[in-house]
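I opened my notebook to look through one structure, step by step. Each entry below records what I looked up.

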Amino acid sequence: MVKTALITGAARGIGAASARALHRDGFEVIINYNRSEAAALTLARELNARAIRADVSEKDQVKAMFDEAGRIDILINNAGIAHYGLFTDSDETLRRQIFSVNVEGAMNCCAFALPGMIAQKQGIIINISSVWGIYGASCEAVYSASKSAVTGLTLSLAKELGPSGIRVNCVAPGAIDTGMTAGFSDADKANLAEKTPLCRLGTALDVAELVSFLAQDRAAFITGQIIGVDGGFIG
């Protein structure tokens with residue numbers, strides 16, 4: 001039976017690369033998006049996949065998405081937003097926005113995916129975090145804190161859901177050349193590459209290959225892990 005993977009924030013970047021990798025490896029893919037409708041629909045046509053709009057921070061929208069999606073075998077919580085700036089320049093609105101998408105969004109999706117997975121006694125959840133959620137980053141304190149919460153959620157759910165045959169893992173990308181780094185200068189990117197032992201920025205495909213592996217039976221004994229795709233950045 002072909003398994004179905006729902007990927008949040010899949011219109012571009014790591015989400016889109018993961019959708020392509022999973023499709024290539026034989027999964028049916030559902031592309032979640034919020035604002036990037038044109039990119040999501042283009043990708044859906046490319047992969048002969050479904051695209052469903054939902055703001056993952058909104059519980060009612062997440063419920064509607066899962067109702068439309070039907071059975072989900074793999075949930076990939078990729079949707080996220082970042083902010084670069086001093087913590088003292090952030091305000092409560094910004095902090096709530098980052099946590100509502102990065103943390104509440106992942107928990108909302110887990111809440112609606114899990115009843116079906118528990119009933120089936122199988123399922124896979126892959127959360128996309130960040131090395132900053134482990135290592136911390138100057139001028140990204142709120143983002144780093146939100147990603148630390150995602151790693152904690154992963155570790156706890158893996159223990160809680162293991163007896164139900166559900167695997168939960170976390171992928172922690174390092175400096176990846178995606179839209180989240182689009183605002184960085186060439187000098188900033190060169191500095192990140194210099195700090196990476198492999199001497200380059202990662203690509204969305206570098207992350208997607210691990211995501212697809214974790215979704216397969218080849219990873220059947222892997223759960224509760226925070227796996228870096230960072231070129232050795234925090235090795």
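This is a predicted model: local features need pLDDT of at least 70, side-chain atom pairs count only at pLDDT 80 or more; totals for chains, interfaces and linings use all residues.

I count a contact when heavy atoms lie within 4.5 Å.

**Entry: two helices side by side**

I looked up which residues join H1 and H2. Ala16, Ala19, Arg20 and His23 in H1 meet Leu43, Glu46 and Leu47 in H2. I sorted the residues of this contact by type: four are nonpolar, one is polar and two are charged. Next I needed a distance and an angle, because two packed helices are described by the angle between their axes and the distance between the axes. The axes of H1 and H2 come within 11 Å and cross at roughly 10°. Angles under 35 degrees count as roughly parallel, so I wrote down H1 and H2 as roughly parallel to each other.

**Entry: the nonpolar cores**

I turned to the inside. In soluble globular proteins, nonpolar side chains tend to be buried together. Which residues touch the most other members of the largest nonpolar core? They are Leu22, Ile74, Ile76, Ile126 and Val171, in a core of 34 residues.

Leaving out residues up to four places away in sequence, Ile76 touches Leu6, Ile7, Thr8, Leu22, Ile126, Ile128 and Val211.

**Entry: an aromatic pair**

I searched for rings whose centres lie within 6.5 Å. How many aromatic pairs does the count give? It gives one. The ring centres of Phe66 and Phe112 are 6.3 Å apart and their planes are at 25°, so I noted the pair as stacked. Phe66 belongs to helix H3 (residues 59-69) and Phe112 to helix H4 (residues 92-120), so the pair ties together parts that are 46 residues apart in sequence.

Phe66 has 7% relative accessibility and counts as buried. Phe112 has a relative accessible area of 26% and is partly exposed.

I looked up Gly9 in the loop between E1 and H1. Gly9 is partly exposed, at a relative accessible area of 25%. Setting aside neighbours within four places in sequence, Gly9 is in contact with Gly15, Asn32, Asn78 and Ala79. From Gly9 to Val56 I noted 8.8 Å, C-alpha to C-alpha, though they are 47 residues apart in sequence.

Then I moved to Thr196, in the loop between helix H7 (186-195) and H8. Is Thr196 buried or exposed? Thr196 counts as buried, at 4% relative accessibility. Not counting residues up to four places away in sequence, Thr196 touches Asp230, Gly231 and Phe233.

**Entry: positive phi angles**

Most residues other than glycine have a negative phi. I looked up two residues against that background. Asn48 is not a glycine, yet has a positive phi of about 50°. Asn48 sits in the loop between H2 and strand E3 (50-53). Asn48 is exposed, with a relative accessible area of 73%.

Cys139 is not a glycine either, and has a positive phi of about 70°. I found Cys139 in the loop between helix H5 (132-135) and helix H6 (141-161). Cys139 is partly exposed, at a relative accessible area of 22%.

Note on methods:
Residues are numbered from 1 along each chain as its sequence is written. Side-chain values use heavy atoms; hydrogens and water are left out. Rings of Phe, Tyr and Trp (its six-membered ring) pair if their centres lie within 6.5 Å; planes under 30 degrees apart count as stacked, over 60 as edge-to-face and the rest as tilted. Helices (H or I, at least four residues) and strands (E, at least two) are DSSP runs, numbered from the N terminus. Buried means under 20% relative accessible area, exposed over 50%, partly exposed in between (1.4 Å probe, protein chains only). A nonpolar core is a set of buried Ala, Val, Leu, Ile, Met, Phe, Trp, Tyr and Cys residues joined through side-chain atoms within 4.5 Å. Axes are lines fitted to C-alpha atoms, for helices over the stretch in contact, and angles run from 0 to 180 degrees between N-to-C directions. Angles under 35 degrees count as roughly parallel, over 145 as roughly antiparallel, 65 to 115 as roughly perpendicular and the rest as oblique. Ala, Val, Leu, Ile, Met, Phe, Trp, Tyr, Cys and Pro count as nonpolar, Asp, Glu, Lys and Arg as charged, and the others, Gly among them, as polar.
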